[in-house]
Amino acid sequence: MKKIVANFTRSLRNLLSPHGREVRRLYREKGYLEAYTEQTDERVAKNPQEAIGGSWEEVGLLQFEFLRRQGLMPHHRMLDIGCGTLRGGRHAIRYLDPGCYSGIDLSSKAIEYGQELVQEEGLSDKRPNLVVSRNKDLKFGEFSGQMFDYILAQSVFTHLMEEHIEECLQHVGNVMHDDGQFFFTFREASTPTRVTLKEFAYPFSFLESLAAKHGLVLANLSHEYPHPKGQKMARATKGAKDGRATT
Ligand SMILES: C[S@@+](CC[C@H](N)C(=O)[O-])C[C@H]1O[C@@H](n2cnc3c(N)ncnc32)[C@H](O)[C@@H]1O
């Protein structure tokens, strides 16, 4: 109860502060992804490890160890959608063979920080491919001709509107092997809900229908994913012709 009151008080204080007003104006005056990118850049410049959700060690390891349990091996090719400042990416880069990790993010500041981190942590030989999403779309043109075994979007759909999520589900199959797996986290609600300026929640059944429209089959793996803030985990795989998952 104490925690809820403290969080509520903090949110209210932020909302009413001059900075809070500035942020609301940004989202009013610009397109959603443009405003969100600008705000993320600003947050990364202030504190790169907090900007992408905090719990740097805990959630970084949570996502990496989850992928390991799902069968990630050093030779697999992985795409980290919305890789941010490499909270989880740094673990994957260390583990995977050179050239096997790619990350993409809207925030050029996050990618810059990620590149510095790779050097600081002595991971340059792993040759991660870190890309800024200049078109701000999720059509994966940046990776045209490449195929991945494991694709992850941790804390990304939690910040995206239905149209962005559908774009991702429509195109992700073009960069995913037939037996590849796309894992993404989401915040759950009984109806699609905009929780705050940049936080969204969806029913699993809603995401399942969107995925099915684009030939993907979803599994709910939330019971295997103890996220500290209650994010849920889903896996999308390419559907077989008879409508069943291929894996
Ligand atoms: C909460 S952070 C999580 C970062 C990282 N996945 C992690 O777990 O540390 C969300 C990140 O997703 C990025 N992002 C959100 N929507 C995106 C999109 N459509 N394309 C690329 N990056 C996106 C944001 O810029 C931000 O860095």
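## Overall architecture

The protein contains 8 helices and 9 strands. The model described here is a predicted one.

Along the principal axes, the C-alpha atoms occupy a box of roughly 50 × 45 × 35 Å. The radius of gyration of the protein is 18 Å, which agrees with the value near 18 Å that a compact globule of 247 residues would have.

## Surroundings of the ligand

The ligand is surrounded by 16 residues. The closest of these are Gln63, Gly82, Arg87, Asp105 and Gln154. When the shell around the ligand is divided by class, 7 of its residues are nonpolar, 7 are polar and 2 are charged.

## Polar contacts and burial of the ligand

In the side chain of Asp105, an N or O atom lies 2.6 Å from an oxygen atom of the ligand. For Arg87, the distance between a side-chain N or O atom and an oxygen atom of the ligand is 2.8 Å. Leu106 contributes through its backbone: one of its backbone N or O atoms is 3.2 Å from a nitrogen atom of the ligand. The ligand taken alone exposes 590 Å², and the protein buries 98% of that area.

How many cavities of 30 Å³ or more does a search of the whole structure find? The search finds 1 such cavity. The space within the largest cavity amounts to about 30 Å³.

Its lining consists of Gly60, Gln63, Phe64, Leu67, Met78, Gly88, Gly89, Ala92 and Leu152.

## Composition of the cavity lining

Two helices, α4 (56–69) and α5 (89–95), each provide at least two residues of the lining of the largest cavity. The greatest contribution comes from α4, which supplies 4 residues.

By class, the lining of the largest cavity comprises 5 nonpolar and 4 polar residues, with no charged residues. The shell around the ligand, by contrast, includes 2 charged residues.

Key: Residues numbered from 1 in each chain as written. Predicted model: local features only at pLDDT ≥ 70, side-chain atom pairs only at ≥ 80, totals over all residues. Heavy atoms only, no water. 1 Å grid on protein atoms, 1.4 Å probe; cavity = no way out; pocket = protein on both sides within 12 Å on 5 of 7 lines; lining within 4 Å. Points joined across faces, edges and corners; volume = space filled by probe spheres on them. Nonpolar A, V, L, I, M, F, W, Y, C, P; charged D, E, K, R; others polar. Near = heavy atom within 4 Å. Polar contact = N/O pair within 3.5 Å; in protein donor to acceptor, adjacent residues only side chain to side chain. Areas by Shrake-Rupley, 256 points an atom, 1.4 Å probe, with all protein chains shown as cover. Rg over C-alpha atoms; globule rule 2.2 N^0.38 Å.
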